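Colleague: I have not looked at this one before. Can you walk me through it?
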Amino acid sequence: MFLLSALVKLSTSLKSLTSSLTTSRSSPSRPGSNLRQVLHLSLASIVITLAACNSTVKKPEQSTSGPLISSPLTSNIIANAPPPTQPPGKETPPTPREFRAVWVSTVANIDWPSRRDLSSDKQKAEVIAILDQAVQMKLNAIVLQVRPAADAIYPSAIEPWSEFLTGEQGRPPFPYYDPLQFWIEQAHARGLELHAWFNPFRARTAVTKGNAAKNHVSKTMPEAVKQYGDLSWMDPGEPAATQQTLAVITDVLHRYDVDGIHIDDYFYPYPIKGANGAELDFPDENSWQKYLNSGGTMSRADWRRSNVNHLVSAINQVVHEEKTWVKFGISPFGIGRPDKIPAGITGFSQYDKLYADVEFWLANGWLDYLSPQLYWPINQAPQAFKVLHTYWQSQNVQQRHIWPGLYTSRIDNSEHSWPADEILNQVDALREQGGDGHVHFSMISLKQNRKNIAQRLAAEKYTSQALVPASPWMENTNIAPPQLILSEDKKTVEVKLADPINTRWLAIWKRTEQQWLFSVQAASKLNINTNAETSNAPARQISVMAISRSGQESIKGSVQLP
């Protein structure tokens with residue numbers, strides 16, 4: 001993520017960063033492990049080839065004057081249940097839908113685990129505290145960094161354990177457990193989605209302390225890893241590098257019940273400057289020459305963008321072939337192509353520097369949600385928050401989700417701190433413009449409740465739970481309604497599911513004399529208390545919808561209470 005580079009270097013002190021546009025941020029071997037790695041790499045190679053063959057979609061006509069950004073229509077977004085000031089009718093209200101997520105960074109121990117020397121029990125306790133706070137705030141998704149630097153926070157036959165987990169790359173947690181599986185189980189039990197966040201090409205960070213493990217990519221394929229300043233980086237122009245990343249993602253898809261696959265903005269690295277003040281070019285001369293010798297005719301910049309395009313297309317393909325309900329999300333830098341952005345918007349060009357053609361990905365539908373990092377204040381005209389949000393909406397011709405990243409960690413104790421109202425106003429602005437979701441960077445700001453931001457979000461903006469918006473292009477199938485059975489003592493309702501395999505959540509409405517109350521729970525919990533937990537008044541009606549893995553909702557099943 002574009003500010004993660006700076007946060008990595010300053011993570012122990014978490015000092016305030018300036019709002020400069022060029023500042024960048026980001027995210028036991030088993031029997032047969034060698035065979036598994038070969039199989040994964042072979043599959044990756046096949047998918048990469050297919051992606052390359054299929055990535056010849058014609059680009060939309062490019063505008064040199066920038067698109068005409070029209071004012072959005074009045075928003076019809078329903079983000080919360082009705083307040084008690086509205087008398088409840090007999091019909092259930094519209095279902096509140098909004099993606100409310102937070103990034104949990106493992107790199108440099110920014111969010112979790114808080115230190116590299118924690119026991120497994122202490123790591124688990126921190127996980128539970130984070131998830132419990134997410135529930136208390138009425139968030140509905142966690143975006144967990146599982147691959148900070150060609151390493152893993154889960155057991156992998158492909159890449160080593162992360163040093164940010166145990167203090168030494170390659171060392172498993174003790175007592176042994178699978179952190180990713182624990183995160184998934186605990187998140188789902190609380191009604192939260194869990195998205196696995198991968199850094200695509202970074203191989204070593206500036207704050208890495210120990211030596212690389214013997215199965216780290218810098219050891220197993222050194223020709224694909226380049227040194228760039230104080231970073232080690234897999235060369236996107238080397239097919240082996242892309243195959244490695246795709247194999248890792250495929251492995252997680254095979255083995256874990258994740259709700260999303262997420263990559264950040266680290267494609268080619270953010271540029272660094274040499275001693276003379278000039279930008280240093282990324283050292284990919286070998287792969288560039290291989291391309292030219294093979295008969296390639298693209299310019300170097302177009303070739304680099306093509307390398308990134310192939311990765312994005314291939315991830316999208318393998319995600320939806322493996323599990324049709326899993327969302328693929330990307331969180332790029334917040335400013336688009338210089339020749340397309342609205343007049344008056346200026347700043348860093350990810351198109352020219354990171355070789356990320358985000359508009360092209362949107363045009364081809366190579367993702368399910370985009371989380372552009374809109375890390376500037378609403379009133380900062382050269383990077384105007386509302387204008388940039390509307391711009392990305394205008395580029396969304398395939399009607400995917402646009403869930404911007406919010407720089408909530410910019411709230412701190414420094415003289416440059418944002419007021420909490422900035423983030424609250426940004427949430428309002430997104431809703432007013434028809435936005436149905438956002439992601440907070442990062443959990444530490446909410447955990448510390450800086451300037452009461454976590455408390456105010458829960459009290460003022462997230463007044464009820466909300467479902468993650470549906471993604472009908474993934475699985476547009478009907479889901480049968482549940483059957484409700486009231487117990488003899490009238491204290492519980494039993495839910496019988498018609499399609500338990502495809503049901504992820506239960507969306508529950510309870511009507512009291514004063515209001516409708518909305519909640520979400522895991523579909524594995526098939527009993528509902530008839531009490532209105534947040535109200536002293538008894539429930540008079542309970543209505544339940546089955547929610548599919550892609551977010552589709554069934555017809556309601558209802559029961560009347562005396």
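Colleague: Which residue lies over the face of Tyr351, at 3.9 Å from the ring centre?

Modeller: That is Arg305. Keep in mind that this is a predicted model. Arg337 lies over the face of Tyr351 as well, at 4.0 Å from the ring centre.

Colleague: Staying with rings, how many aromatic pairs does the structure hold?

Modeller: There are 28 aromatic pairs. One of them joins Trp112 and Trp183, with ring centres 5.4 Å apart and planes at 85 degrees, so that pair is edge-to-face.

Colleague: Where do those two sit in the chain, Trp112 and Trp183?

Modeller: Trp112 is in the loop between β1 (99–104) and α3, while Trp183 is in helix α5 (residues 179–189). They are 71 residues apart, and the pair links distant parts of the chain.

Colleague: Trp112 and Trp183, buried or exposed?

Modeller: Trp112 and Trp183 are both buried.

Colleague: And how are the rings of Trp288 and Tyr291 arranged?

Modeller: Their centres are 5.7 Å apart and their planes are at 25 degrees, so Trp288 and Tyr291 are stacked.

Colleague: Which residues do ring pairs link into a cluster?

Modeller: The cluster is made up of Trp103, Trp197, Tyr375, Tyr407, Trp418 and Phe441.

Colleague: Back to Trp112 for a moment. What is the peptide bond from Trp112 to Pro113 like?

Modeller: It is cis, with omega near -20 degrees. Pro113 is in the loop between β1 and α3. There is also a cis peptide bond from Phe174 to Pro175, where omega is near -10 degrees. Pro175 is in the loop between α4 (163–166) and α5.

Colleague: New topic, helix packing. How do the axes of α3 and α15 cross?

Modeller: Helix α3 covers residues 120–137 and helix α15 covers residues 453–461; their axes come within 9 Å and cross at roughly 40 degrees. The two helices are therefore oblique to each other.

Colleague: Which residues meet there, between α3 and α15?

Modeller: From α3 there are Gln133, Gln136 and Met137, and from α15 there are Ala454, Leu457 and Ala458. Sorted by class, the contact of α3 with α15 has four nonpolar residues, two polar ones and no charged ones.

Colleague: How accessible are Lys451 and Asn452?

Modeller: Lys451 has a relative accessible area of 43%, so Lys451 is partly exposed. Asn452 is partly exposed too, with a relative accessible area of 40%.

Colleague: Past α15 now. Where is Ala470?

Modeller: Ala470 is in the loop between α15 and β13 (483–486). Its relative accessible area is 22%, so Ala470 counts as partly exposed.

Colleague: What is Ala470 in contact with?

Modeller: Leaving aside neighbours within four places in sequence, Ala470 is in contact with Arg97, His401, Ser550, Gly551 and Gln552.

Colleague: Glu91 and Ser543, how far apart are they in sequence and in space?

Modeller: They are 452 residues apart in sequence and 9.6 Å apart in space, C-alpha to C-alpha. Glu91 is in the loop between α2 (33–54) and β1. With 67% relative accessibility, Glu91 counts as exposed.

Colleague: Last one, Thr530. Buried or exposed?

Modeller: Thr530 has 8% relative accessibility, so Thr530 counts as buried. The loop between β17 (527–529) and β18 (541–548) holds Thr530.

Colleague: And what does Thr530 touch?

Modeller: Not counting residues up to four places away in sequence, Thr530 touches Leu486, Lys490, Lys491, Thr492, Val493, Lys510, Ala539, Ile542 and Leu561. Thr530 and Arg540 are ten residues apart in sequence, and their C-alpha atoms are 8.7 Å apart in space.

Note on methods. Residues numbered from 1 in each chain as written. Predicted model: local features only at pLDDT ≥ 70, side-chain atom pairs only at ≥ 80, totals over all residues. Heavy atoms only, no water. Axes fitted to C-alpha atoms, helices over the stretch in contact; angles between N-to-C directions. Helix = DSSP H or I, 4+ residues; strand = E, 2+ residues; numbered from the N terminus. Parallel < 35°, antiparallel > 145°, perpendicular 65-115°, else oblique. Contact = heavy atoms within 4.5 Å. Nonpolar A, V, L, I, M, F, W, Y, C, P; charged D, E, K, R; others polar. Phe/Tyr/Trp six-rings, centres within 6.5 Å; stacked < 30°, edge-to-face > 60°. Buried < 20%, exposed > 50% of the residue type's maximum accessible area, 1.4 Å probe, protein only. Lys NZ or Arg CZ within 6 Å of the ring centre and 35° of its normal.
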